[in-house]
Number of protein chains: 2
Amino acid sequence: MPEDLRSRVDRQPSVAGLSEADLLARIFPRLQMEAGHTASTLLGPGDDAAVVAAPDGKTVISIDTQVQDQDFRLLWPNGYRTTGFDVGWKAAAQNLSDINAMGAQATSMVVSLTLPVDTPVSWVEDLADGLTAGIRELGAVRCSVAGGDLGRGREISVTVAVLGTLDGGRPVLRSGARAGDILALAGTVGHAAAGLALLEADVPADTLGPAERVFLDLQCRPRPPLGAGPAARAAGATAMLDISDGLLRDGRRLAAASNVAIALDPARLAELAEVLAPAAVLLGVDPAQWVLGGGEDHGLLATFPDDVQLPPGFTALGSIHALGTDDGPGVLTAGRAADTGGWDHFAH
Amino acid sequence: MPEDLRSRVDRQPSVAGLSEADLLARIFPRLQMEAGHTASTLLGPGDDAAVVAAPDGKTVISIDTQVQDQDFRLLWPNGYRTTGFDVGWKAAAQNLSDINAMGAQATSMVVSLTLPVDTPVSWVEDLADGLTAGIRELGAVRCSVAGGDLGRGREISVTVAVLGTLDGGRPVLRSGARAGDILALAGTVGHAAAGLALLEADVPADTLGPAERVFLDLQCRPRPPLGAGPAARAAGATAMLDISDGLLRDGRRLAAASNVAIALDPARLAELAEVLAPAAVLLGVDPAQWVLGGGEDHGLLATFPDDVQLPPGFTALGSIHALGTDDGPGVLTAGRAADTGGWDHFAH
């Protein structure tokens, strides 16, 4: 980043000068949704806990944390500087995706922020804006931020717990896929991985063309297909999860939970890879690795009985098979075990 | 700590050697509750989200984070080494307390752990044991751990989001106190602060007698009075919060939300300080500062109409008054504004 911007950032007021109450007063107004947004929060911030509607007597709940230098870098090798807006948006997106993957709709979030004392106040305000924008622009029309927690630490850490509702339906689990089912994908796969490769490459961010830039943007601000989860449930999806750690890794999880084998269609994989050509050519790599190993687009992988018409947004990606006598659950491409990795927080 | 134990810790297997799945497999069995524990989890770990019962159509939700070197030290100045069990217990306790403070009962927790790669696996297992023990021994008989998230970071960070139920009742807010109400306390106040002072003092932990040790133990493993919150709600409490940041600071929050003045009874404050004498004498300090400024016991501060019999566990601590024409909301002792601080994550 240019030195003049760096020094401007350094001169900004940091959270060290604010009390917890002062900082909350800067954040809360930015978390408000516009009138007409049908949020489910019955009691919002200001007490020891919030209260959220659960009209069918069940609440879906998930939690996810982003940590500086693990899940994002403040400054990437290609010169891109992660904004607070990016981190807020991504926190919203990946949590909303977990609710989507159950076939549910998000109703509420609570947010815990850990901030180094030198974090600029404007960066935190920007994070709140990104969180609000993510909820709104991704279409989580029943969701708002119900409360949160603030504290200090050596590194930025953002944890969101998200609540959702199934509206009286049953959750779609990972374990329901059956031999004969169709495997289908909603959303993109590999785009965020291409974006990560661009962020980590030696090609300056400001020299990227629009065809490459779209991948970088998707890594920083993922766009999970939020309508698709409830639509899959309504259509009779037998199993579902979101692709957060890679098609192969998450595919294996679905296969293991359902005790089946997944056969991916090589022609479809090639099509998915083709879309990534602009970034792959620029970096001189095979885009198949991004399709098979890349997470963080938060697309949905779902299985449907073969007589079901796939709901809007889903396209076929393969098929589900019974295990042979000598085989364990797994993922095959062109009849062979697929073995490109995927993301593991500890073993990589 | 003795060098031989230090070196034994250093030789223990760390989380660096385990995949996320392997580490989860070490943790989950330790989070199981015994048969007969009436947990509300309808779908537990293993999918993208959990499902928790909300029988009355409402869910109470709170979130709280503990960060190494901010909320606990792995090694304290007095030689005490914080165990994983302590951190797990405290995570359970402070989150259960937030639900208690609304007059609700906890139904479920989700946990996000951020761990440096050199964290011993045994320390993480111990944390899971502490979380389970906290839930069980504090009497959260409807609560269990429904899911979680694991990631790496430079410092240990433990975030818990906790869900609860009001069983059809209305939450007790901070804003309902009225002139003429009685102010009452359930649980202890100042004990955890005395424990913190002992941990930070020059008196070796292993030389403490049982009368002092009890305070250190309460700082590390708080014991919020979990029955008292729902009992206060049932008895008609007009306002309530948990004392997490100090009697004065939290009292001011209640006063501000209700737009009233709180008068604390000096004789009761003296009684509360007297209990802390063993630690105060040892350290040569005035225990009144712990009573007024110390948080983390997670006692409850509640207000009741003056014709209500205080529920079991509560004792009177003062009274609620209308604001004079020139006064803002606040806390008085013996007719004077009380001004010992309390805990603020940013401004202290």
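**Contacts, burial and strands**

Q: Which residues does A:D64 touch, and what makes them contacts?
A: A:D64 touches A:Q94, A:N95, A:V158, A:T159, A:V160 and B:D149, leaving out residues up to four places away in sequence. Contact means heavy atoms within 4.5 Å, so each of these residues meets that limit with A:D64. This is a predicted model: local features need pLDDT of at least 70, side-chain atom pairs count only at pLDDT 80 or more, and totals for chains, interfaces and linings use all residues. Side-chain values use heavy atoms, without hydrogens and water; residues are numbered from 1 along each chain as its sequence is written; chains are lettered from A and ligands numbered from 1 in the order in which they are written.

Q: What makes the link between the side chains of A:D64 and A:Q94 a polar contact?
A: The value is 2.6 Å. The term needs a pair of N or O atoms within 3.5 Å; within protein, one must be able to donate a hydrogen and the other to accept it, and residues adjacent in sequence count only if both atoms are side-chain atoms. So the pair qualifies.

Q: Why is A:D64 called buried?
A: Its relative accessibility is 15%. Buried means under 20% relative accessible area, exposed over 50%, partly exposed in between (1.4 Å probe, protein chains only). So A:D64 counts as buried.

Q: Is A:D98 buried or exposed?
A: Buried, with a relative accessible area of 10%. A:D98 lies in helix 3 (residues 84–100) of chain A. Helices (H or I, at least four residues) and strands (E, at least two) are DSSP runs, numbered from the N terminus.

Q: How do you know that A:D64 and A:D98 gather at one spot?
A: The "binding site" annotation of an unreviewed UniProt entry covers A:D64 and A:D98.

Q: Why is strand 6 (residues 157–165) of chain B called largely enclosed?
A: Nine of its nine residues are buried, so the rest of the structure largely encloses it.

Q: What makes strand 3 (residues 58–67) of chain B and strand 6 of chain B a pair?
A: Eight bridges join them, and they run antiparallel. Pairing needs at least two bridges found by DSSP, so they pair. B:D64 stands opposite B:V160.

Q: Why do strands 8 and 13 of chain B stand at the edges?
A: The open sheet of seven strands has the order 8-10-7-11-9-12-13. Strand 8 (239–242) and strand 13 (336–337) each have a single partner strand, so one side of each lacks a neighbour in the sheet.

Terms used: UniProt positions are given in the numbering used here, feature names are shortened, and annotations may be inferred rather than shown by experiment.
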